[in-house]
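Hello,

Here is the model we talked about. Please look it over; my notes follow below.

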Amino acid sequence: MLFSSTAYAALLLAAFGGFWALAAFLPGKRTARSAFLLAVSYFFYGTWNPRYLVLIFASSSHDYLVGRLLGAAERPAHRRLLLLASVGADLAVLGAFKYFDFFADSFAALLAVFGVVAVPPHLGLLLPVGISFYTFQSLSYTIEVYRGRLAPTRNYVDYLAFVSFFPQLLAGPITRAAAFLPQLLRAPSLTPERASRAVFLIGLGLVKKIAIADLLGAQLVNPVFSNPVMYSAAETLAAAYGYSFQIYMDFSAYSDIAIGSAALLGFELPRNFAAPYVSASLREFWQRWHISLSTWLRDFLYIPLGGSRHGALRTYLALIATMFLGGLWHGAAAKFVVWGLIHGAALVITRLVQRSGLPGRLPGRLRRAVGVVLTFHVVTAAWVFFGAPSFDGALEIFRSLGSGDLSAANLGLPALAALAIAVAAHPVRDAWFDRVVALFHRIPAPAQALLFVCAVLAARQIASTDVAPFIYFQF
């Protein structure tokens, strides 16, 4: 059930009506509201593959139980054992479904280097959609309880609803229990201003997805990335730029729709993007891109690995290890590992350059402009590995970039227009965005609904292509 489908629109409307009816007629039945959200969320997840409902239920139940036991445990050794049980079980399930075949093939390839021929075993399991996201979300709960930063929840239904909350279940934003569970405890509310903002975000997300991201993919990125030898260097470069903005528009669109959908139900989800391509360094980029994942990696990987507290060498190793694991989190393939290592190495280089004092020799505006251009092109080069069909496919794209052929006969006007709009709209400031939302709120509700429908229909007409699944669904 895609966010851009009429089925999701019907589900969201039903969830909206049912949730607020419960809030109005049974205001004291908080658990009933959580149970309703849980039922809707499980129905939503079951439309992808109902068999994997058992998996998310078992994973959530296990971590809920571990959280309760951690709350009662006092001995450090006992608490460490409980944490290991939670982390070990979650990672074992994630590893079996996502990484077993990859590591088996990699180990067989390593043996082949030494002349040993081995036939690797394969589980051949279908990857459950959203498993990486809800696993990280549930893991953060038990880790925070273990650290004493969060009291374990006693309400089983609340916890199941937190892990499976349908707007953010498949691709985030990754929401911390400390931010979400208290929202289940309080009486829900929805002001007209918040409702207008939610509708605007959902409409904006649909337009970004359908009219820009899908159009860029269908008419520029997919043809070039699937067969780069057929295209010139100029066309391949345009496709590389196109993928940078396609993945941003696609993923930020999902986040917009998720945040807007949650807001219609009275819940606040964390912001996930903040104009990442105006970043003047890789460090700033990761403060603006997929913010819920980058903060998760910082808090639960980078800092435990030593962070910046134990000298420069330890910091550099922690950065590379964190980004290597971040790349592996995205997928069991060499191209994702390389993508992560590029970012890890670039973060190390960024720190070395900053420590050298060289950037300080440039005037402020020029320094930032140079930083933005360099950062964007490093990120774009890394995206080639991320978006290519395979590692070898990425190398073919780079070979095409080096061909020197500047012909552009295959660059169509619709794709170039979508790319230009994406580039122009990307750096819009928060204050300007808030003014537009405020103007939208002043329009009468029926006019808001009409504008929403017209915008979505126009986007579908512009794209003139089937709506594609969100890119991050594969993770």
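Buried means under 20% relative accessible area, exposed over 50%, and partly exposed in between (1.4 Å probe, protein chains only). This is a predicted model: local features need pLDDT of at least 70, side-chain atom pairs count only at pLDDT 80 or more, and totals for chains, interfaces and linings use all residues. Residues are numbered from 1 along each chain as its sequence is written, and side-chain values use heavy atoms, with hydrogens and water left out.

Aromatic pairs come first. The structure holds 56 of them. Rings of Phe, Tyr and Trp (its six-membered ring) pair if their centres lie within 6.5 Å; planes under 30 degrees apart are stacked, over 60 edge-to-face, the rest tilted.

Tyr-8 and Phe-44 pair edge-to-face, at 6.0 Å centre to centre and 70 degrees between the planes. Tyr-8 is in helix α1 (residues 6-25) and Phe-44 in helix α2 (residues 30-46), so the pair ties together parts 36 residues apart in sequence. Helices here are DSSP runs (H or I, at least four residues), numbered from the N terminus. Tyr-8 is buried, at 2% relative accessible area. Phe-44 is buried too, at 0%.

Tyr-159 and Phe-162 form a tilted pair: 5.6 Å between centres, 55 degrees between planes. Both are buried. They lie three residues apart in helix α6 (residues 156-164), about one helical turn.

Next, charges over rings (NZ of Lys or CZ of Arg within 6 Å of the ring centre and within 35 degrees of the ring normal). The charged end of Lys-98 sits over the ring of Trp-329, 5.5 Å from its centre. Lys-209 lies over the face of Phe-470, 4.6 Å from the ring centre.

Best wishes

Key. Helix = DSSP H or I, 4+ residues; strand = E, 2+ residues; numbered from the N terminus.
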